[in-house]
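Here's a quick tour for anyone meeting this structure for the first time. Have a look at it, then read on.

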Amino acid sequence: MILGIDKGTAFTKNNKGEIFKSVLRREKINEIDLNNSLIHVGWEGENYIVGENGQYETNLDKAHHSNTDILVCTSIAMQSSEQVTKAKIVLGVPIAEYKKQKEMLKNRFKGKSFQISINGISKIIVFEEVEVFPEGAGAFYTADVLDAIVIDIGGLSVDVCSFQNGGLNHFETYEQGTFRLNAEIAGYLNNRFSTKLRQWDIEMIMDKGLSVDGQRVNIESAYELEKFHTEKIINDIKLDFDLKTVPNVLIAGGGGARLYKHIKEQISHAKLIDDPQLANAKGFAKVGEKLWK
Amino acid sequence: MEIDPKLIEMLPRENERIFTEVEAYIYIKTKGFKSENNLAKCLSWSRRKVKKFLKLHNFCTENEQKMNNENVENSTVYSESVQKVSKKRTENGQDKKQDGMLGILNM
């Protein structure tokens, strides 16, 4: 099985469309799953709940994240109905960290086998081949263009890469993903309305609005924060890249989809890439197909 | 003009006698012609009469027919070459992207 897996700070995605939050917590004894919607994972004698609540990683060093093994294996196991899955995978790291982390992340999986149970079903994942590709660059391979700047906005990082005639010629990573924005908005709303909102709650609030004590409240300032954050990202990118002359500015990532309306105000020719949240994973799968098919 | 199949059956065998204009019309409509010379031979007409008749009934003359055929051939060749160029362009584009992909993997 060839799979592209984008283990983002916020969500883990694979090219087949499997998405879950990149968080895990120990399962409580006698825990009841009321909606039967949790991912119960057995790993090295411990039971975990993946993708619900928990601590997410706060640095870009994905090769050393403690949750990487479990999240990657969960993504593969969720996709496979086999008891033993021989996997060939392409993973991603932030583009500025690519040279540093590539081999470390590869060595973490290549030639190894892991046992995992998903919702009580035991599976073995054998990593036959592992490759690592830069985030943002993966998304480029889902678009039918040769010249483009890809802006990939994730939870922690914003990866920007410039392609000329199909080749990568410049890249940068900015630590201005949507988690920082969500923290700012949560802080602002909690301060204003004495609420206890967390970063994870913000995306839904921005989408559906907020009720406090049964009353809809005005969160216009939160939208202003979102707009301001986008302007900050674009201004930083403009210092390093010539967005005006490049024929295609492609927006990718879950954060990219969320901030696209504000980006469009700044860069009129920006285009949202197809399936922006899965674009990297799909591009990684194309790399895998090129290498191993 | 719809042609009655009975009329075609009634047509005399080629070169047996001189065709009337109606017979010639049906003949050309149903069988077409390779060349004006050949048609003249089949109808037992002079080449000049054939030319005049073709013009009168708005049939394509030999030259016009040739030009049409050439145009069709040319347009086929043209569309094939356009397809080849665009295929080549796509292949080149894909090649360039794949080269770029390998370049990144070797970073």
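## Where the two chains meet

In this predicted model, 24 residues of chain A are in contact with 10 residues of chain B. Which residues of chain A lose the most area to chain B? They're A:Tyr141, A:Leu146 and A:Lys290, and together they make up 34% of what that side buries. Counting both partners, chain A and chain B bury about 1400 Å² between them, and 74% of that is on carbon and sulfur atoms.

## What holds the meeting place

How many salt bridges are there between chain A and chain B? The count is zero. Polar contacts do turn up, though: seven residue pairs across the interface of chain A and chain B, with both residues at pLDDT 80 or more.

Several elements of chain A each supply at least two residues to the side that touches chain B: helix H2 (98–109), strand S9 (121–134), helix H3 (137–140), strand S12 (167–174) and helix H8 (279–292). Sort that side of chain A by class and you get 15 nonpolar, six charged and three polar residues.

## Chain A as a whole

Step back, and chain A shows eight helices and 16 strands. Its C-alpha atoms fill a box of roughly 55 × 50 × 30 Å along the principal axes. A compact globule of 293 residues would have a radius of gyration near 19 Å, so the 20 Å of chain A agrees with that.

Buried residues account for 53% of the 293 in chain A. As for contacts in chain A between residues at least 6 apart in sequence, 64% join residues at least 24 apart.

Key. Residues numbered from 1 in each chain as written. Chains lettered and ligands numbered in written order. Predicted model: local features only at pLDDT ≥ 70, side-chain atom pairs only at ≥ 80, totals over all residues. Heavy atoms only, no water. Contact = heavy atoms within 4.5 Å. Buried area = accessible area lost by both parts, 1.4 Å probe. Salt bridge = Lys/Arg side-chain N within 4 Å of Asp/Glu carboxyl O. Polar contact = N/O pair within 3.5 Å; in protein donor to acceptor, adjacent residues only side chain to side chain. Helix = DSSP H or I, 4+ residues; strand = E, 2+ residues; numbered from the N terminus. Nonpolar A, V, L, I, M, F, W, Y, C, P; charged D, E, K, R; others polar. Rg over C-alpha atoms; globule rule 2.2 N^0.38 Å. Buried < 20%, exposed > 50% of the residue type's maximum accessible area, 1.4 Å probe, protein only.
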